[in-house]
Amino acid sequence: MDAKIRLYVDHPLGQEQTVPLDRAQAHYLFGVMRQAVGGAVLLFNGRDGEWHATITDAGKRGGALRVDAQTRPLQMPPDLWLCFAPIKKARTDFIVEKAAEMGAARIVPVQTEFTNAGRIQRDRLQTHAVEAAEQCGGTYVPEVADLYRMDRLLDQWPGDRRIMFCDEALSDDQAPLAGDPGPWAIFIGPEGGFSDRERTRLREHPAAVPVSLGPRILRADTAAVAALTVWQQRFGDWQ
Ligand code: SAM
């Protein structure tokens with residue numbers, strides 16, 4: 001039977017594997033999507049690719065699926081992190097959702113000097129990344145990291161990872177993305193932008209490539225999507 005529903009499960013996937021469903025998944029599949037025993041679902045867990053599965057047990061509080069056959073192998077995104085300063089709740093949700101859709105491998109919320117949020121709800125953001133992967137056909141789910149302080153993050157920065165530093169101060173200049181493929185991270189500042197100290201630190205960082213995203217100052221959520229587009233087009237898996 002054709003399966004249209006895609007579901008993320010935190011469970012190993014392989015032929016003949018039985019996958020139990022928790023209450024929320026059962027509610028979604030049987031209550032919201034009106035599925036029943038014999039129905040077909042596509043499953044992925046971020047590690048084993050995508051699998052066709054058949055519903056074998058459908059209850060109010062749970063259920064079970066039998067895994068039939070693999071439909072797609074795991075497709076890893078390029079080694080790209082999106083480091084961004086969390087902004088208002090809905091806009092932060094948007095950034096996480098778009099980063100997962102656009103193929104970021106890791107999402108790193110960063111506390112900068114002008115970041116209002118002192119903490120994030122990591123689990124809620126991770127759920128947004130899972131839902132984005134479910135709807136966009138992804139077989140991988142980017143990890144949403146805990147909130148990092150920007151100075152600490154840069155202190156521990158891995159030497160081989162370049163930084164695409166999106167610097168709004170360059171908006172009047174031509175500063176396109178240069179460099180080679182490999183591990184990268186995009187840096188997007190908060191609504192108030194990076195502080196002068198942070199901008200200096202990023203500019204002097206040996207891994208940093210300052211980049212302009214055009215002559216207009218973009219909102220942070222727009223800038224995140226624009227930067228992911230530019231990077232994917234230049235070095236990513238869009239070619
Ligand atoms: N308050 C800042 C100002 O008026 O200069 C604007 C900050 S902007 C809303 C948020 C972030 O988006 C910036 O820190 C930068 O990382 C990115 N950004 C926005 N427009 C950009 C541009 N034209 N070029 C490069 N980065 C940009």
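View 1. Two strands count as paired if DSSP finds at least two bridges between them. By that rule, this predicted model holds an open sheet of five strands. The order is β1-β3-β4-β5-β2, and the pairing is mixed. β1 (6-8) and β2 (18-21) stand at the edges. Each has a single partner strand, so one side of each is left without a neighbour in the sheet. From one strand to the next, the twist averages 40 degrees. Strands of a sheet pair through backbone hydrogen bonds, in a parallel or an antiparallel sense.

View 2. β2 and strand β5 (residues 63-72) run antiparallel. Four bridges join them. Which residue of β5 stands opposite Thr 18? Arg 66 does. Val 19 has its bridge partner in β5 too: Leu 65.

**View 3. The β4-β5 hairpin.** β4 and β5 form a hairpin, with four residues between the two strands. Their pairing is antiparallel and spans eight bridges.

View 4. Helix α1 (residues 23-32) lies across β1, β2, β3 (40-44), β4 (50-58) and β5. Relative to β2, helix α1 runs at about 90 degrees. Helix α3 (residues 122-136) lies across β1 and β3. The angle between helix α3 and β1 is about 150 degrees.

**View 5. The shell around the ligand.** The ligand is surrounded by 21 residues. The closest are Cys 166, Glu 168, Leu 213, Arg 216 and Leu 218. How many residues of each class make up the shell? There are 10 nonpolar, six polar and five charged residues.

View 6. Glu 168 places a polar side-chain atom 2.9 Å from an oxygen atom of the ligand. Gly 189 contributes through its backbone: an N or O atom lies 3.0 Å from a ligand oxygen atom. Gly 214 also has a backbone N or O atom at 3.0 Å, here from a nitrogen atom of the ligand. Taken alone, the ligand exposes 580 Å². The protein buries 83% of that area.

Notes
Residues numbered from 1 in each chain as written. Predicted model: local features only at pLDDT ≥ 70, side-chain atom pairs only at ≥ 80, totals over all residues. Heavy atoms only, no water. Axes fitted to C-alpha atoms, helices over the stretch in contact; angles between N-to-C directions. Contact = heavy atoms within 4.5 Å. Near = heavy atom within 4 Å. Polar contact = N/O pair within 3.5 Å; in protein donor to acceptor, adjacent residues only side chain to side chain. Areas by Shrake-Rupley, 256 points an atom, 1.4 Å probe, with all protein chains shown as cover. Nonpolar A, V, L, I, M, F, W, Y, C, P; charged D, E, K, R; others polar.
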